[in-house]
Amino acid sequence: MGDYFQTIVDLDATERDAQELGARVLDWLIADGIVAAERTDCVLGGDGYGHAPGPHFTKAVDDPDPVDLWTNGFHVQTGRTVFDSGQGDAGAATCPLCRTEIRLVDEVWEPIESAWGPFEGRFQDWAEDGGEGIVHCPSCARPSGIDRWSWEDDYYACGHLGFTFWGWAELTSDFTREIGRRLGGHRTVLLAGKL
Ligand SMILES: [Zn+2]
């Protein structure tokens, strides 16, 4: 058993506009009754506080069953963050420049140490040390920031703004598209995982 979550990450929000964009989406979710206005003790991330599902939360999900887990809140995360899918490992990474896919696990899903070499410490450099997290692609040898790489099944996403739903049924594609629209047409990815 674990606690399931889904995070919609805005790939285009900058350090400067993440706060305002996050507030804009939150205001819309509250106005539409998808989440409650008050913050309560209902999420696992951050400080544990988030917004519980609102009376019209089914606008966002396929499954109309009520979410009854205590960890059922909604949480907005801003600031440089490496979002990940919790348990498991990333299967592969794709170079933003040559589109070569680098396999990161073997056939029994064990991480391949040598394949991880170029990525070693890069997430930390980008997220915590404010660096660019430069990765030299093993295929084309060109450098690019780790925030520009894409990950199989969207296991990771680097961004400044993410919206996490704890314990909710699968979010509909209409709903995730609508969030992208309200973010000014920004590119988004949906991470799904559990702790
Ligand atoms: Zn490359």
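This is a predicted model: local features need pLDDT of at least 70, side-chain atom pairs count only at pLDDT 80 or more; totals for chains, interfaces and linings use all residues.

Trainee: Okay, aromatics first. How many aromatic pairs are there?

Mentor: The structure holds 15 of them. Take W116 and F119: the ring centres are 5.8 Å apart and the planes sit at 75 degrees, so this pair is edge-to-face.

Trainee: And are those two buried or exposed?

Mentor: Both residues are buried: W116 has a relative accessible area of 17%, and F119 has 2%. F165 and F175 make another edge-to-face pair, with 5.8 Å from centre to centre and 80 degrees between the planes.

Trainee: Which parts does the pair of F165 and F175 tie together?

Mentor: F165 belongs to strand β10, residues 156-166, and F175 to helix α4, residues 173-182, so the pair ties together parts ten residues apart in sequence. F165 is buried at 0% relative accessibility, and F175 is buried too, at 4%.

Trainee: Which residues do ring pairs link into a cluster?

Mentor: That cluster is made of W28, F57, F74, F163, F165, W168 and F175.

Trainee: Let's stay with β10 for a bit. How many of its residues are buried?

Mentor: Eleven of the eleven, so β10 is mostly covered. On one side there is strand β1, residues 4-10, which pairs with β10 in the antiparallel sense over six bridges.

Trainee: What stands opposite T164 in β10?

Mentor: T7 does. The side chains of T164 and T7 also make a polar contact, at 2.9 Å.

Trainee: Is T164 buried or exposed?

Mentor: T164 is buried, with a relative accessible area of 8%. Leaving out neighbours within four places in sequence, T164 is in contact with F5, Q6, T7, G73, F74 and H75.

Trainee: Nice. Switching to α4: which residues are buried there?

Mentor: F175, T176, I179 and G180 are buried in α4. Looking down the helix axis, the buried residues fall within an arc of 145 degrees, so they line one face of α4.

Trainee: Which residues are exposed on the other side of α4?

Mentor: Over there, D174, R177 and R181 are exposed.

Trainee: And what covers the buried residues of α4?

Mentor: The cover includes β1, α1 (18-31), β10 and β11 (188-194). After α4 comes G184, which has a positive phi, near 80 degrees.

Trainee: New topic: what is the order of the three strands in the open sheet?

Mentor: The order is β6-β5-β9, with antiparallel pairing. Its edge strands are β6 (101-103) and β9 (150-151), each of which pairs on one side only.

Trainee: How many bridges are there between β5 and β9?

Mentor: Two bridges, with β5 covering residues 92-94 and the pairing antiparallel. T94 stands opposite S150 in β9.

Trainee: What does W151 touch?

Mentor: Not counting residues up to four places away in sequence, W151 touches A90, A92, A93, L104, W116, F119, F123, I146 and Y156. W116 and F119 are the edge-to-face pair we began with. As for A93, it is 58 residues from W151 in sequence, while the C-alpha atoms are 4.5 Å apart in space.

Trainee: Which backbone oxygen lies 3.5 Å from a polar atom of the W151 side chain?

Mentor: The one of W149.

Trainee: Great, thanks for the tour!

Methods: Residues are numbered from 1 along each chain as its sequence is written. Side-chain values use heavy atoms; hydrogens and water are left out. Rings of Phe, Tyr and Trp (its six-membered ring) pair if their centres lie within 6.5 Å; planes under 30 degrees apart count as stacked, over 60 as edge-to-face and the rest as tilted. Buried means under 20% relative accessible area, exposed over 50%, partly exposed in between (1.4 Å probe, protein chains only). Helices (H or I, at least four residues) and strands (E, at least two) are DSSP runs, numbered from the N terminus. A polar contact is a pair of N or O atoms within 3.5 Å; within protein, one must be able to donate a hydrogen and the other to accept it, and residues adjacent in sequence count only if both atoms are side-chain atoms. Contact means heavy atoms within 4.5 Å. Two strands pair if DSSP finds at least two bridges between them. The arc is that of the directions from the helix axis to the C-beta atoms.
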